[in-house]
Amino acid sequence: MKMPDAQTRWSCFLLLASLFRVGTAAEVSVWKVDINSTQDAVFRKTLYANTTIFMKFQGDIGSCDRNLAFNISWYLRSSVCYNEVFNTPDNKAMNMFGMDHMLKDGWSGFYSQGYMYFDNCSSLFLPRVYYPDFNPYQPLTSPKSDPSNQSLFWPDKPDISAVAKAWQDSPYLFIVKVQPLLRGIEDDDIGAEQFSFTFAMKVEMKGPHDYSSPADWPLMMFFMVMCIVYVLFGALWLFWCACYWRDLLRIQFWIGAVIILGMLEKAVFYSEYQSIRYKGDYVQGAVIFAELLSALKRSLARILVLIVSLGYGIVRPRLGTTVHRLVAVGLLYLLFSSVEGVLRVTGGFYETVALVANLSLSLIDSCVMWWIFISLSQTTRLLKLRRNVVKLSLYQHFTNTLIFSVVASIIFIIWTTKVFKLVDCQTGWRDLWVDDAFWRLLFSTILLVIMVLLRPSANSQRFSHSPLIDEDDDEEEAKEPMLNEAFEGMKMRGSKPDSNGSQKLLSKEDEDLKWVEENIPTTVADVALPVMLDEEEEILKTKMERSKME
């Protein structure tokens, strides 16, 4: 297997530099808006066909003037273009109220509208059936055409508080206007806004899958499947560790920690989508916890791939000063990823903040990928020089997996850019969940490969770093070919077989075992404090090198 050249590394760098994306939060289905003046509200959501939209009004009758009446009008619009619904600002969306045509030629959709009049606050707060039948919906026409006379009606009757119904699986824009009116006052100089009133408007959208939307339903199923997969990962890893607990390596504890965090992450996200499905909304604290847990898991995942690439515990027994750089990279990624997730959940993720967070994460990911391939190149070159076939085969498989991941990422980015970015009308909104699921599935594949390659077994120690094998024997193997090449073709005279050869081999093995007992850590404290032993190990190595030279 040939290591990637400089051009491949640069392509990886550019790939990760361009790979920053804003995560999308799950779509809620229940909104509660406080109304205390002339106010408009805009709601966006992808809906299943036959989803019913409910409007309820709650408040204190005593705080509402008895001379006030209310005219509440609404407008429901569907579009095949996802970007028309979700990328249109509220101020521009309000201009679409009552519009019977499309924004551009070639787009399509339907619309429906209606209004409700309430004499006073008592009738406003009283739950009742607003319409004897659902209002019909009509197709949107092209901008230069006349309005369509075609109207489509619903056969079923509306329930209590129901105002409209979705006619197909599509993104929907729902706009509500609240207009207070004076009743029984002839003075035109007195406006309705001068009277005090306050109430809450509750909007619910409930369909065939309760409050879940067609854009979130596949992602919820994905998190459920991934949660089961990580449980299987954990059970398999626990079984391996229990069977070969005497031969565990330090890096295998890192793998176990990443599996546990991945399991928790998928379970928390699945519970979030379940909460939205049955309650219509999520608990903000739980979502923030899920984002922080996801940020921690992604940080440890990058550190895991880095320490495997550096050869920790396999080629080098300690990371030395590299530990500080690993900790710095992990903390930086954790910081920016946490800030990005929390701001996105709380609604403060916009413009400059989003740009800084995304560029920072992109830069850190680019540096991590660059560091991974440089470390893999150095580790593989070192194993080739030492002629360690077993470890070299392990790292070749790991390198092939990473190169496959990079190629798959490039293909996926090209596909998402073509389908979701470089189009005037985003009709593939059903596949938006793949943009989030792909990266999680890709890392799970890399984690599975790492688990298989570094799984605990009876021969785990053949992958661990051993100074006797990796240094002394490799140096002897490097010297022997040089001697053979020097005396190739020459007949050695006066060489007699050594009758005490077997005794010398035994004495050498005794010396090696003695060296292992004196220098290889055997207690839990030695394993738990690797950083404190770095300096002592360097001193021992220096003494050994001097003794060899003497």
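Author: Contact here means heavy atoms within 4.5 Å. This is a predicted model. By that cut-off, Leu447 touches Tyr230, Phe233, Ile255, Val258, Ile259 and Leu304, leaving out residues up to four places away in sequence.

Reader: And which residues have the most contacts inside the largest nonpolar core?

Author: Ile255, Leu447 and Ile450. That core has 62 residues.

Reader: Which elements give two or more residues to this core?

Author: Helix 5 (217-243), helix 6, helix 7, helix 8 (322-346), helix 9 (351-386), helix 10 (389-421) and helix 11 (432-453).

Reader: Which helix gives the most?

Author: Helix 5, with 11 residues.

Reader: Left-handed or right-handed crossing for helix 5 and helix 6?

Author: Left-handed. By class, their contact has 18 nonpolar, five polar and two charged residues.

Reader: Now helix 6 and helix 7. How far apart are their axes?

Author: 9 Å. Helix 6 covers residues 250-279 and helix 7 covers residues 284-310, and they pack at an angle of about 155°. That angle makes helix 6 roughly antiparallel to helix 7.

Reader: What residue classes are in that contact?

Author: The contact of helix 6 with helix 7 has 20 nonpolar, two polar and five charged residues. Helix 6 passes helix 7 in a left-handed crossing.

Reader: Let me pick one residue. Where is Ser299?

Author: In helix 7.

Reader: Is Ser299 buried or exposed?

Author: Buried. Its relative accessible area is 4%, and buried means under 20%.

Reader: What is Ser299 in contact with?

Author: Gly330, Tyr333 and Leu334, leaving aside neighbours within four places in sequence.

Reader: Zoom out. How many helices and strands does the protein have?

Author: There are 15 helices and nine strands.

Reader: What share of the protein is buried?

Author: Buried residues make up 46% of its 550 residues.

Notes. Residues are numbered from 1 along each chain as its sequence is written. This is a predicted model: local features need pLDDT of at least 70, side-chain atom pairs count only at pLDDT 80 or more; totals for chains, interfaces and linings use all residues. Side-chain values use heavy atoms; hydrogens and water are left out. Axes are lines fitted to C-alpha atoms, for helices over the stretch in contact, and angles run from 0 to 180 degrees between N-to-C directions. Helices (H or I, at least four residues) and strands (E, at least two) are DSSP runs, numbered from the N terminus. Angles under 35 degrees count as roughly parallel, over 145 as roughly antiparallel, 65 to 115 as roughly perpendicular and the rest as oblique. A crossing is left-handed if the near helix is turned anticlockwise from the far one by less than a right angle, and right-handed if clockwise. Ala, Val, Leu, Ile, Met, Phe, Trp, Tyr, Cys and Pro count as nonpolar, Asp, Glu, Lys and Arg as charged, and the others, Gly among them, as polar. A nonpolar core is a set of buried Ala, Val, Leu, Ile, Met, Phe, Trp, Tyr and Cys residues joined through side-chain atoms within 4.5 Å. Buried means under 20% relative accessible area, exposed over 50%, partly exposed in between (1.4 Å probe, protein chains only).
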